[in-house]
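Subject: Structure handover

Hello,

Please find the structure below. My notes on it follow.

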Amino acid sequence: MNEAAGPRGAEALADGRAHGEQAGAARTAMIQVRDACAYYGEKQALFDVSIDIDARSVTAFIGPSGCGKSTFLRCLNRMNDTIEGARVTGSFLLAGRDIYEPSLDVVELRARVGMVFQKPNPFPKSIFENVAYGPRIHGLAHSKADLEKIVIGSLTKAGLLKEVQDRLGEPGTGLSGGQQQRLCIARAIAVSPEVILMDEPCSALDPIATARIEELIDELRENYTIVIVTHSMQQAARVSQRTAFFHLGILVEEGETAQIFTNPGDERTQDYITGRFG
Amino acid sequence: MAGTVATTPIHWSTAAAEARRRRRHAADRRLQLYGLTAISIAIGLLAILVTSLVMTGHSAFIQTMVTLDFPVSTEHVSADDPAEGNYRAVIADALRAQFPDVESPREARQLSKIITNNAQFMVRDVVVADPETIGGTLTLSVPVSDPFDQLNKGYIDPDLPEEQRRVSDQEVGWFNTLDRRGLISAPLNWGLLFNADSRFPELAGLSGAIVGSFYSLLVCFLISFPAGVAAAVYLEEFAPRGRASDILEVNINNLAAVPSIVFGLLGLAVFLNFFGLPRSAPLVGGMVLSLMTLPTIIIVTRAALKAVPPSIREAALGIGASRQQMIVHHVLPLAVPGILTGTIIGLAQALGETAPLLLIGMNAFVTSPPGGLLDASTALPTQIFMWADSPERGFVSRTSAGILVLLAFLILMNLVAIVLRRRFERTW
């Protein structure tokens, strides 16, 4: 299965590249992954995934449940390290540097590659403390005023400041679900990451809150590389520039979003986006 | 496609269906009834325990006193050295003043037995503290001795034949005379809490035991809390899962179930005989108790850590917190209510533990509260044990009263646990 998957993944990649070149866009890869395999104990969850993720753009991972898209996302900031028995092979380059090399500090990596989770998970602390926590532990602020500036700036970028500016001292857990998720985004961008990974950030939110987050993702694209895992193909189509389709741990196809949704190169992608399985 | 499945209409109102529903409701009610019965049994047993303790113990909270005028004459007590006076004579004088017709030395000796043996020291202490009284008269309430305390409380029946009771007709007569003169009173027995142990029930109190228990629990807490929390954090957050950690877990659970007397033997063999630490000391008591409390704290702390939602851990790690930062900043604060509750319950268990303390000699007869961790001392449960072993009638009620005091401390600790849990509980 391994050998069968490899070439196909590579083909898909080559396809995607060809499309990118055809469109004439100069692509700069923020993250380059080659032959990534992931295992949970004996079970292999990813098979030879190779992909380039563009800087300052949104890449969406789609695919049916259990296809490995979240696993792959969590490989990108080594969150899989925290799972007992998880093992990852292959090469992951973040701006040219291997993120799995022993000399790399995972603490630094996770500051550079932030993450937003499926369920909003603010700390049970005040709104201010939620955002200030990252800069504080990484020593990014040199004074109280500095810290405040970072917090206010992050909340502004996350589009949350207006709603919370007179209650920064109140607990972050008291906000609505959508606000909590934007607070988590503010928390992630407070440490000025290069990449933001989002693991189904809207699956627990109502449509209005989802729309706000999608707008926000679109704005954040200017400054950050964003990778988003989503179950909603409409969402992928709306927010992303490039889309990768995963199936059974294999990266089936990766390319420009418009091309994936209108003219997929693989039959399985075709079946999935037309709703025939998954 | 729908046509291929034959659908028979369901009748919800047939007799059979109704009977089925009735059975389900009956089962519901039965289950509730079982629960209520169980709770009633538990409350009933508790009520029996407390009632019987109060029945036997309540009289110990009151102490019969006699108020006498003590003539502190310069003949017996010199102003130069009041501590060295002949206070026994002062007591005898005070009693002779009440009963001038008692003349023979034998009768006088019996008369002096009405009031507690230690009355001479009580008078001395007052005189030493206030030498102005020398040459004058000192009015003081002193406890009556145990048989007369029992007589006053109605535990000795004066109508019984004389040879079947501990007080003679003559003594009953003296006591009744004092009572008629309004000199007998029965105030609250603060001595029960503030006196140290004594051979005389009318003087025996729990202060030594309370202080000893406090020191022991302090030592126990200082050892088992940091060690227990640190061990639990390591096991829960750092230790690799595998056979070694499984074996460790089984052993910790076993440790929590080891009979406490075994820990006592270990304390005797290791702390006393090998390390040569002093016998009967609260320090050793606390060390032995911490052996018992440690596994409890490890188990509850692990449970509390496990209960912290993984999303909080991910949030902290995702922002680049190190594991230490994740644990100290986020996981432990959320686990604090559980840890504190478990710790206090563990300490409450330790407070009631008797067997290991007996083995390291904390059932010593000590007549003053310990001044430090190395002084000989008793603890509440061992004090109760000793009193239960004493033959004097007055110790029967004091044993029950001691148990009530111990229960009061246990309730207090559990209340503190509830308050702390409420205080630190946070929602997310």
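Domain bounds here come from an automatic or database domain assignment. On that basis chain B is divided into domain 1 (65-185) and domain 2 (207-424). The C-alpha centres of domain 1 of chain B and domain 2 of chain B lie 46 Å apart.

This is a predicted model, in which local features need pLDDT of at least 70 and side-chain atom pairs count only at pLDDT 80 or more, while totals for chains, interfaces and linings use all residues. Residues are numbered from 1 along each chain as its sequence is written, and chains are lettered from A and ligands numbered from 1 in the order in which they are written.

Confidence

pLDDT is the predictor's confidence in each residue, from 0 to 100. For chain B the mean pLDDT is 91, and 98% of its residues reach 70 or more. The ipTM of the model is 0.84 and its pTM is 0.84. Where pLDDT is low, the predicted coordinates should not be read in detail.

The contact between the chains

Two residues are in contact if their C-beta atoms, placed from the backbone, lie within 7 Å. By that rule 21 residues of chain A are in contact with 17 residues of chain B. On the side of chain B that touches chain A, α12 (310-318) and α13 (323-351) of chain B each supply at least two residues. Helices (H or I, at least four residues) and strands (E, at least two) are DSSP runs, numbered from the N terminus. With 6 residues, α12(B) gives the most to that side of chain B. The residues of this side divide into 7 nonpolar, 7 polar and 3 charged. In that division Ala, Val, Leu, Ile, Met, Phe, Trp, Tyr, Cys and Pro count as nonpolar, Asp, Glu, Lys and Arg as charged, and the others, Gly among them, as polar.

A residue is buried if 20 or more other C-beta atoms lie within 10 Å of its own, exposed if 12 or fewer, and partly exposed in between, again with C-beta atoms placed from the backbone. Of the 9 residues of α12(B), 7 are buried. These are I312(B), R313(B), E314(B), A315(B), A316(B), L317(B) and G318(B). What do the buried residues of α12(B) pack against? They pack against α3 (106-112) and β6 (113-116) of chain A, together with α13 of chain B. After α12(B) comes G320(B), whose phi is positive, near 100°.

Chain A overall

Chain A has 11 helices and 10 strands. Of its 278 residues, 46% count as buried. Among contacts in chain A between residues at least 6 apart in sequence, 70% join residues at least 24 apart.

Two strands pair if DSSP finds at least two bridges between them. In chain A, 4 strands form an open sheet in the order β2-β1-β4-β5, with antiparallel pairing. β2 (43-54) and β5 (97-98) of chain A are the edge strands, each pairing on one side only. Strand β1 (residues 29-40) of chain A is joined to β4(A) by 8 bridges, and I31(A) stands opposite L94(A) in β4(A). Strand β4 (residues 86-94) of chain A pairs with β5(A) over 2 bridges; here the bridge partner of L93(A) is D98(A). β4(A) and β5(A) form a hairpin with 2 residues between them, and A95(A) in the turn has a positive phi of about 50°.

The parallel strands around β7(A)

Strand β7 (residues 195-199) of chain A has 5 of its 5 residues buried. V195(A), L197(A) and D199(A) lie on one side and I196(A) and M198(A) on the other, so both faces are covered. β6(A) and β7(A) run parallel, joined by 4 bridges, and M115(A) has L197(A) as its bridge partner. β7(A) also runs parallel to strand β8 (residues 225-229) of chain A, with 5 bridges. There V195(A) stands opposite T225(A).

β7(A), α8(A) and β8(A) make a right-handed β-α-β unit. A crossover is right-handed if, with the strands pointing away from the viewer, the path from the first strand over the helix to the second runs clockwise.

Helix α8 (residues 207-220) of chain A holds A209(A). Is A209(A) buried, exposed or partly exposed? A209(A) is partly exposed, because 19 other C-beta atoms lie within 10 Å. Not counting residues up to four places away in sequence, A209(A) touches G177(A) and G178(A). A209(A) and E129(A) are 80 residues apart in sequence and 23 Å apart in space, C-alpha to C-alpha.

Regards
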